[in-house]
Amino acid sequence: MWLEAAPARWRRTGRHALGGVALVLATACSGEQSALAPAGEEAASLATLFWWMLAGAAVIWLLVMGAAVYATKISPGRHDEALASRLLVVGGIAFPTVALALLLAYGLSLMGGVRAAGDGLRIHVAGEQWWWRVAYDRGGAQEAIPSANEVRLPVGQRVEILLSSPDVIHSFWIPPLAGKVDMIPGRVNRLVVEATEAGEFRGACAEYCGTSHALMAFKAITMEPADFETWLEREAGTAESVPAGGPAARGAALFRKTGCGGCHAVRGTAANGTIGPDLTHLASRRSLAAGILPMTEEALQDWIARTHEIKPDARMPSFGALPEEDIASIVAFLWTLK
Ligand code: CUA
């Protein structure tokens with residue numbers, strides 16, 4: 001009975017496997033997080049390198065397979081020893097040496113451009129468990145602007161991103177913009193990025209860094225230079241003052257009383273903690289909890305009440321013990337932080 005059913009099962013398995021492959025291919029090409037849909041100079045170089053290597057590998061694979069098939073078809077003794085030796089020397093030593101040397105030279109020639117920095121904006125990004133500490137450094141005497149969990153970049157400008165970590169190794173990766181670079185405690189790694197088109201992309205941590213490694217993502221938003229300057233100017237400013245009455249005012253008082261300001265800063269208020277993300281312009285970010293929730297009031301409410309269910313082992317405690325109404329007031333306050 002099982003045998004009768006087997007062919008149908010195999011057909012089904014085959015269809016599922018094909019469906020899976022198609023799904024993987026479709027997601028890989030959707031752009032937001034694809035290294036093969038470049039929106040930056042560095043990613044474009046890497047994509048070109050990838051296609052050249054893929055084409056080279058395909059040609060070599062066909063040659064080897066052709067030789068293997070040929071070898072199974074001919075009768076023994078068809079070719080003499082001298083030809084076999086020549087084939088070994090040319091195909092086994094000379095060809096791989098030349099092909100690999102050419103690929104290496106091509107790969108190295110791309111690296112110079114990838115590393116060259118601009119002289120404008122620098123962005124400091126530190127990998128935390130499990131979120132991203134971001135600061136925009138405009139150079140000169142101006143103070144760096146703290147932010148978190150979102151990286152914004154001007155189109156057409158080379159921006160140097162300085163990567164670090166206070167405790168464990170993370171890896172910073174925005175596939176459509178550039179290759180990944182590790183964030184290693186005790187040192188600062190450089191990544192230079194030049195976005196070529198405006199858009200919204202998804203970055204992620206690409207190195208296992210603990211329980212919630214897979215929940216450590218962020219938005220990378222590339223903007224036209226004028227829009228970027230306007231945004232940066234606003235990001236540099238302090239929080240707007242909270243209305244004198246209503247849920248937001250109550251929430252601001254609760255935020256203070258509950259001790260949120262011990263870990264979070266809201267510039268322009270007494271909250272000046274630096275352990276957790278800066279919340280000064282929280283509600284203007286496009287995602288919450290390091291790229292894993294949408295920025296909505298419902299998601300904020302959920303995040304505060306069930307932090308550890310959403311992100312296991314996060315340093316922020318869950319505040320589910322607070323009355324729902326209090327959390328709603330805190331959310332009303334946070335929602336004013338545009
Ligand atoms: Cu941070 Cu993985």
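The tour goes from a surface patch to a pocket, then to a cavity and a strand.

Before you click, know that this is a predicted model, where local features need pLDDT of at least 70, side-chain atom pairs count only at pLDDT 80 or more, and totals for chains, interfaces and linings use all residues. Residues are numbered from 1 along each chain as its sequence is written, and side-chain values use heavy atoms, with hydrogens and water left out.

**Stop 1: the surface patch**

Select V59, I60, W61, L62, L63, V64, M65 and F95: together they make a nonpolar patch on the surface, with about 780 Å² of accessible area. (Patch residues have over 30% relative accessible area and no salt bridge, and nonpolar side chains, meaning Val, Leu, Ile, Met, Phe, Trp or Tyr, are joined within 5 Å; a salt bridge is a side-chain nitrogen of Lys or Arg within 4 Å of a carboxyl oxygen of Asp or Glu; areas come from the Shrake-Rupley method with a 1.4 Å probe.) Now colour helix α2, residues 41-73, which gives the most to this patch, with 7 residues. (Helices are DSSP runs of H or I with at least four residues, strands are E runs with at least two, and both are numbered from the N terminus.)

Zoom in on I60, which sits in helix α2. Why does I60 count as partly exposed? Because its relative accessibility is 33%, and the label covers values between buried (under 20%) and exposed (over 50%), with a 1.4 Å probe and protein chains only.

**Stop 2: the largest pocket**

Next, pick H264, G276, P277, W303 and M316, which lie nearest the centre of the largest pocket among its 35 lining residues. (A pocket is an open set of points on a 1 Å grid with protein on both sides within 12 Å along at least five of seven lines; lining residues have an atom within 4 Å of a point.) The space inside is about 680 Å³.

**Stop 3: the cavity**

How many cavities of 30 Å³ or more does a search of the whole structure find? The search finds 1. (In a cavity, a 1.4 Å probe fits but cannot get out.) Select S147, E150, R152, W231, E235, H281, S284 and R285 to see the lining of the largest cavity, which holds about 40 Å³ of space.

**Stop 4: a strand residue**

Finish at L153 in strand β4. L153 is buried, with a relative accessible area of 1%.

Note on methods. Patches are made of residues with over 30% relative accessible area and no salt bridge: like charges are joined within 9 Å, nonpolar side chains (Val, Leu, Ile, Met, Phe, Trp, Tyr) within 5 Å. Grid points are joined across faces, edges and corners, and a volume is the space filled by probe spheres set on the points.
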